Amino acid sequence: MAAEIVNPRSDSDTGQDGGAEPLDSFDPAFALHRGGKMAVQATVPIRDKDDLSLAYTPGVAKVCSAIAEQPDLVHDYTWKSSVVAVVTDGTAVLGLGDIGPEASLPVMEGKAILFKQFGGVDAVPLALACTDVDEIIETVVRLAPSFGGVNLEDISAPRCFEIERRLQERLDIPVFHDDQHGTAVVTLAALRNAARLSGRSIGDLRAVISGAGAAGVAIAKMLVEAGIGDVLVADRKGVVSSDRDDLTSVKREVAGFTNKAGLSGSLEDALAGADVFIGVSGGTVAESAVASMAKGAFVFAMANPDPEVHPDVAHKYAAVVATGRSDFPNQINNVLAFPGIFAGALQVRASRITEGMKIAAAEALAAVVGDDLAADYVIPSPFDERVAPAVTAAVAAAARAEGVARR
């Protein structure tokens, strides 16, 4: 019998009554999670022996033999083309950090049900008991025949960059690190609409990104791909620039395609005159630094639960304010992107998710806002039923245009 999770704040004397009050008796989060948030459900009935003989032996043998002769039939006669593996090693879970595979499972289950709820995509959480890069890659490669795509989740930087790159090189199915690319897609969509609201284009803007981890690097790459006027990235030691001798290989790469102006110094120095602040690092940005930004600036302070700039402060100086929180307008939420991106990729059996597909997803997401564009509405709600179909269609079309679609 499994041990019961108990309420650490209970006044009960566990030595006398045999156990404290269960956590889910006072906390609705625990009550919701008891027993897990998902289950396997059959898509065909097993009502009698005829159904059984078709779903399993002997009928299943015909299907297996056909797939053995024509491997591509696996997409038509199994779940492969409609299911994604959600893979983590538990090293960078939400704001909790390295908490291990077991503790990561509630998040991975949550990710899986978001795939289903918002994109109609089945997903299976896989929390791996290894953190070595080679071991993770080999494990996922061996699991890949069962899945149509791989969503890497909550794997710490800089390891996540190598893991994604090497897996995509070895697999012919999409590999997508949502912490990087999902964040970047939604950020670009919101930024496009903020620029449109102010009568500018992406090319008119200079952006400063706080954070050189997975999300910060991916956002920088996507903004450059989208034609940003200039963008620079800052880490704990200041602006990532080519004159620094303490950069990792990833940050050296970032220094090579960002910071056209050649700025150096602190994050606060870089914000002087900047048009956009994008926060994906936590910490706090001084109000004086926000006040030094250009008139009509945009502040996207996305750290959770505490934004780098509180919206009340940001609104004093910025024309558009976005956060990662659901209790403020303009939430930059990855769920706006990844379900539709995978749905579109799976729909056409794409071999990978390209930069063009991600840009297409951002453009489609931005377009959902349409004529309702306003300072407090530059990005749609995750519950807007137009989002997933729009992103799915755009990604599928881009996959065909870029030659990675196989149907």
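**The second largest pocket and its surroundings**

Modeller: The lining of the second largest pocket divides into 19 nonpolar, four polar and three charged residues, where Ala, Val, Leu, Ile, Met, Phe, Trp, Tyr, Cys and Pro count as nonpolar, Asp, Glu, Lys and Arg as charged, and the others, Gly among them, as polar. This is a predicted model, in which local features need pLDDT of at least 70 and side-chain atom pairs count only at pLDDT 80 or more, while totals for chains, interfaces and linings use all residues. Residues are numbered from 1 along each chain as its sequence is written, and side-chain values use heavy atoms, with hydrogens and water left out.

The space in this second largest pocket comes to about 980 Å³, and 26 residues line it, of which Val40, Gln41, Ala42, Thr43 and Trp79 are the closest to its centre. A pocket is an open set of points on a 1 Å grid over the protein atoms alone, where a 1.4 Å probe fits, with protein on both sides within 12 Å along at least five of seven lines, and lining residues have an atom within 4 Å of a point. Helix H3 (49-55), helix H4 (59-69), helix H6 (100-119) and strand E2 (122-127) each supply at least two residues of the lining, and H4 gives the most, with four residues; helices (H or I, at least four residues) and strands (E, at least two) are DSSP runs, numbered from the N terminus.

Turning to the loops, the one between strand E3 (149-152) and helix H8 (159-170) holds Pro158, which a cis peptide bond, with omega about 5°, joins to Ala157.

E9 and E10 run parallel and are joined by five bridges; Ala297 has Ala318 as its bridge partner in E10, and Ala301 has Thr323. Five of the six residues of E10 are buried, so this strand is largely enclosed by the rest of the structure.

In the loop between strand E10 (318-323) and helix H15 (338-347) lies Asn330, whose phi, near 60°, is positive although the residue is not glycine, and which is buried with a relative accessible area of 5%.

Finally, helix H16 (residues 355-369) has 15 residues, and since 11 of them are buried, H16 is largely enclosed by the rest of the structure. Its buried residues, including Met357, Lys358 and Val369, pack against strand E4 (175-177), helix H9 (178-197), helix H10 (214-225), H15 and helix H17 (387-401), contact meaning heavy atoms within 4.5 Å. After H16 comes Gly370, with a positive phi near 55°.

Terms used: Points joined across faces, edges and corners; volume = space filled by probe spheres on them. Buried < 20%, exposed > 50% of the residue type's maximum accessible area, 1.4 Å probe, protein only. Expected span 1.5 Å × (residues − 1). Pairing = 2+ DSSP bridges.
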